[in-house]
Amino acid sequence: MDWTLLSECMAMTVGGGLFLYLGPSYLIEWLYYRRRREALDQWKTQPDRASPARLRREEIRLGTLNMTWASVVSGFIMYHIRTGGWSQLYFEVETWGWAYTIGSTIFYFMLVDCALYWGHRALHLRPLYRRIHRIHHRWRTPSPFTSLAVHPVELATFQFFSLVPIFLFPLHPAGVIVILIYQQVVSVLDHSGVRFHSVFPWQAPAAFHDDHHIYFHVNFTQNMHLWDWIFGSWRREDERYGEERFLVDQDHRSPRMDYSRAAVSARALARLEPRRRSRSKGPEQAVVG
Ligand SMILES: [Zn+2]
Ligand SMILES: [Zn+2]
């Protein structure tokens with residue numbers, strides 16, 4: 001065992017992983033939850049709700065612990081590869097050429113995203129939801145730190161889906177690393193509770209996953225909302241969803257929810273209306289979580 005190399009691998013994966021989780025999370029916390037806390041109606045997906053302080057501390061603890069152990073596993077895989085262990089990774093672009101390198105990276109992204117979609121849907125089956133996925137849904141008002149506040153088995157499954165392709169078909173490590181970083185940053189943005197919209201047409205806005213935390217068995221996608229569109233789990237406009245409901249009625253014909261910038265803002269402001277009305281009538285109500 002080359003302990004120096006192993007330490008180097010662990011420093012890269014654990015240090016990099018924690019930086020990718022805590023860095024953007026604390027940045028969003030500071031930019032929005034601290035600096036703009038007086039203007040919730042301008043940026044928050046659920047301006048009328050907030051998680052209690054106890055749950056907020058818990059998501060940071062659980063998320064940090066999860067990222068640490070998952071990065072240790074990645075560190076061992078990196079060590080295995082750097083010591084010449086078997087995988088399908090190739091390090092010279094010339095081996096397969098640029099067209100294959102770019103095409104296989106896109107295919108890897110779509111394959112993993114589709115697997116994560118179905119993995120997430122499976123976690124919403126009653127026994128798995130009760131035992132595993134319910135933990136993540138304790139946060140009905142997600143924050144950036146909620147992205148990794150999941151049952152360790154859930155994270156292990158998702159890590160398996162993300163890493164197993166490097167043993168299945170030839171991939172360039174740079175493409176894999178770019179996709180893994182992209183997935184992690186997007187997961188933080190999706191849970192941020194901020195009305196972020198993506199510059200990438202395939203990427204659902206943050207409100208899309210935020211609605212998953214409010215309405216449960218709908219909007220399962222991690223990155224490409226294409227999957228919810230194809231497989232019929234896109235949130236429907238006048239449909240009632242709840243934690244008690246399992247799977248989505250495929251025959252339902254009401255229109256799909258609109259996730260354009262204007263529609264998301266209008267819905268956030270509409271959520272505030274009852275609170276504003278009750279404020280004007282009587283004493284101020286506490287923000288509920
Ligand atoms: Zn879920
Ligand atoms: Zn979530």
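Start with the contact between H4 and H6. On the H4 side we have Val112, Ala115, Leu116, Gly119 and Leu123. They meet Glu154, Thr157, Phe158, Phe161 and Ser162 in H6. By class, the residues of this contact divide into six nonpolar, three polar and one charged. Keep in mind that this is a predicted model.

Now the geometry. Two packed helices are described by the angle between their axes and the distance between the axes. Helix H4, residues 98-123, packs with H6 at an angle of about 155°. Their axes are 9 Å apart. The cut-off for roughly antiparallel is over 145 degrees, so H4 and H6 are roughly antiparallel to each other. The crossing of H4 with H6 is right-handed.

H6 has another partner, H3. Here the angle is about 35°, and the axes of H3 and H6 are 11 Å apart. H3 also passes H6 in a right-handed crossing. From H3 come Asn66, Ala70, Val73 and Ile77. From H6 come Pro152, Leu155, Gln159 and Leu163. The residues of this contact split into six nonpolar, two polar and no charged.

So what does H3 look like along its length? H3 runs over residues 53-82, 30 residues in total. From first C-alpha to last, H3 reaches 43 Å. That is close to the 44 Å expected at 1.5 Å a residue.

Which residues of H3 are buried? Among them are Glu59, Ile60, Leu62, Gly63, Asn66, Met67 and Ala70. Further along, Ser71, Ser74, Gly75 and Met78 are buried too. Their cover includes helix H1, residues 3-34, and helix H6, residues 152-163.

Last point. Just after H3, Gly84 takes a positive phi of about 90°.

Definitions and conventions:
Residues are numbered from 1 along each chain as its sequence is written. Chains are lettered from A and ligands numbered from 1 in the order in which they are written. This is a predicted model: local features need pLDDT of at least 70, side-chain atom pairs count only at pLDDT 80 or more; totals for chains, interfaces and linings use all residues. Helices (H or I, at least four residues) and strands (E, at least two) are DSSP runs, numbered from the N terminus. The expected span of a helix is 1.5 Å times one less than its number of residues. A residue is buried if 20 or more other C-beta atoms lie within 10 Å of its own, exposed if 12 or fewer, and partly exposed in between; C-beta atoms are placed from the backbone. Two residues are in contact if their C-beta atoms, placed from the backbone, lie within 7 Å. Axes are lines fitted to C-alpha atoms, for helices over the stretch in contact, and angles run from 0 to 180 degrees between N-to-C directions. A crossing is left-handed if the near helix is turned anticlockwise from the far one by less than a right angle, and right-handed if clockwise. Ala, Val, Leu, Ile, Met, Phe, Trp, Tyr, Cys and Pro count as nonpolar, Asp, Glu, Lys and Arg as charged, and the others, Gly among them, as polar. Angles under 35 degrees count as roughly parallel, over 145 as roughly antiparallel, 65 to 115 as roughly perpendicular and the rest as oblique.
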